Amino acid sequence: MNKILIQIKHDIDSNDVVLFMKGTKESPMCGFSAVVCHILDKLNVPYKDINVLSDPELRQGIKDFTDWPTIPQLYVKGEFIGGSDIVKEMYASGDLALLLKDLVK
Amino acid sequence: MAISEEKLRDLILDKFPGADIDIVDLVGDRDHYQITVTSAAFNGKTLLAQHKMINEALKDYLGGKLHALSIKTKAK
């Protein structure tokens with residue numbers, strides 16, 4: 001595995017909730033990323049934000065790692081949950097709150 | 001870069017014959033679409049698996065020619 005994939009795996013393994021996004025949680029650079037930040041904030045769930053725009057290798061690497069073509073990507077306890085559409089739908093249905101209930105701060 | 005609504009519809013119908021497809025051009029620039037696909041192919045699949053099937057159907061376009069796509073899937 002190359003360096004960037006090892007780094008991604010490490011970040012996912014060492015944080016309960018990880019969001020790979022464009023920009024940062026303080027300053028999202030894309031509407032889709034901003035939506036997921038907003039939802040996680042609403043649910044009061046702490047998360048690690050990783051800005052894929054900071055590194056072109058990371059931006060491609062996370063797509064390869066997950067086998068998912070777009071950003072943002074949400075991971076919970078090492079498992080890929082989905083992109084912004086899935087997160088939105090799971091938030092609306094209550095499934096996301098259920099999934100994250102033990103991780104609320 | 002952009003993709004026409006007809007092309008988008010064809011790509012999906014190719015992989016999901018008989019699907020109901022609703023496409024909304026969100027900005028009017030043929031680059032930001034919202035699609036809703038209703039297909040029996042989604043029956044019994046998780047939401048993540050359903051979206052992966054759409055991603056697969058559009059893999060040559062997503063993230064490149066197609067800048068922003070919002071996806072909704074429904075089983076039928």
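Q: Where in chain A is Asp67(A) placed?
A: Keep in mind that we're looking at a predicted model here. As for Asp67(A), its place in chain A is the loop between H3 and S3.

Q: Is Asp67(A) buried or exposed?
A: Count the C-beta neighbours inside 10 Å and you get 10 for Asp67(A). A residue needs 12 or fewer to be called exposed. Asp67(A) therefore counts as exposed.

Q: What is the phi of Asp67(A)?
A: Most residues other than glycine have a negative phi. Asp67(A) isn't a glycine, yet its phi is positive, at about 60°.

Q: What is the peptide bond from Ile71(A) to Pro72(A), cis or trans?
A: Most peptide bonds are trans. Pro72(A) lies in the loop between H3 and S3 of chain A. Omega from Ile71(A) to Pro72(A) is near 10°, and the bond is cis.

Q: Is Thr70(A) buried or exposed?
A: Thr70(A) has its place in the loop between helix H3 (56–66) and strand S3 (73–76) of chain A. There are 20 other C-beta atoms within 10 Å of Thr70(A), and 20 or more is the cut-off for buried. So Thr70(A) is buried.

Q: Which residues is Thr70(A) in contact with, leaving aside its neighbours within four places in sequence?
A: For orientation, Thr70(A) and Gly82(A) are 12 residues apart in sequence and 9.8 Å apart in space, C-alpha to C-alpha. Leaving aside neighbours within four places in sequence, the contacts of Thr70(A) are Gly83(A), Leu62(B) and Gly63(B).

Q: Which element gives the most residues to the side of chain B that touches chain A?
A: The contact takes 7 residues from chain A and 10 residues from chain B. On the chain B side, helix H2 (47–57) and strand S3 (68–75) are the elements that give two or more residues. With 4 residues, the one that gives the most is H2(B).

Q: Why are the buried residues of H2(B) on the same side?
A: The buried residues of H2(B) are Gln50(B), His51(B) and Ile54(B). They lie on the same side of H2(B) because the arc they cover around the axis is only 95°.

Q: Which residues are exposed on the other side of H2(B)?
A: The buried residues of H2(B) pack against strand S4 (79–82) and helix H4 (84–93) of chain A, together with strand S2 (32–39) and S3 of chain B. On the other side of H2(B), the exposed ones are Ala49(B) and Glu56(B).

Q: What is the orientation of H4(A) to H2(B), roughly parallel or roughly antiparallel?
A: H4(A) and H2(B) have axes 10 Å apart and pack at an angle of about 150°. The cut-off for roughly antiparallel is over 145 degrees. So H4(A) is, relative to H2(B), roughly antiparallel.

Q: Which residues of H2(B) meet H4(A)?
A: The crossing of H4(A) and H2(B) is right-handed. From H4(A) come Asp85(A), Ile86(A) and Glu89(A), and they meet Leu47(B), Leu48(B) and His51(B).

Q: How are H2(A) and H4(A) oriented to each other?
A: The axes of helix H2 (residues 31–42) of chain A and H4(A) are 9 Å apart, and the angle is about 30°. Angles under 35 degrees count as roughly parallel. H2(A) and H4(A) are therefore roughly parallel.

Q: How are H1(A) and H3(A) oriented to each other?
A: Helix H1 (residues 3–13) of chain A and H3(A) have axes that come within 9 Å and cross at roughly 70°. Angles of 65 to 115 degrees fall in one class, so H1(A) and H3(A) are roughly perpendicular.

Key:
Residues numbered from 1 in each chain as written. Chains lettered and ligands numbered in written order. Predicted model: local features only at pLDDT ≥ 70, side-chain atom pairs only at ≥ 80, totals over all residues. Contact = placed C-beta atoms within 7 Å. Arc of directions from axis to C-beta. Axes fitted to C-alpha atoms, helices over the stretch in contact; angles between N-to-C directions. Left-handed = near helix turned anticlockwise from the far one by under 90°.
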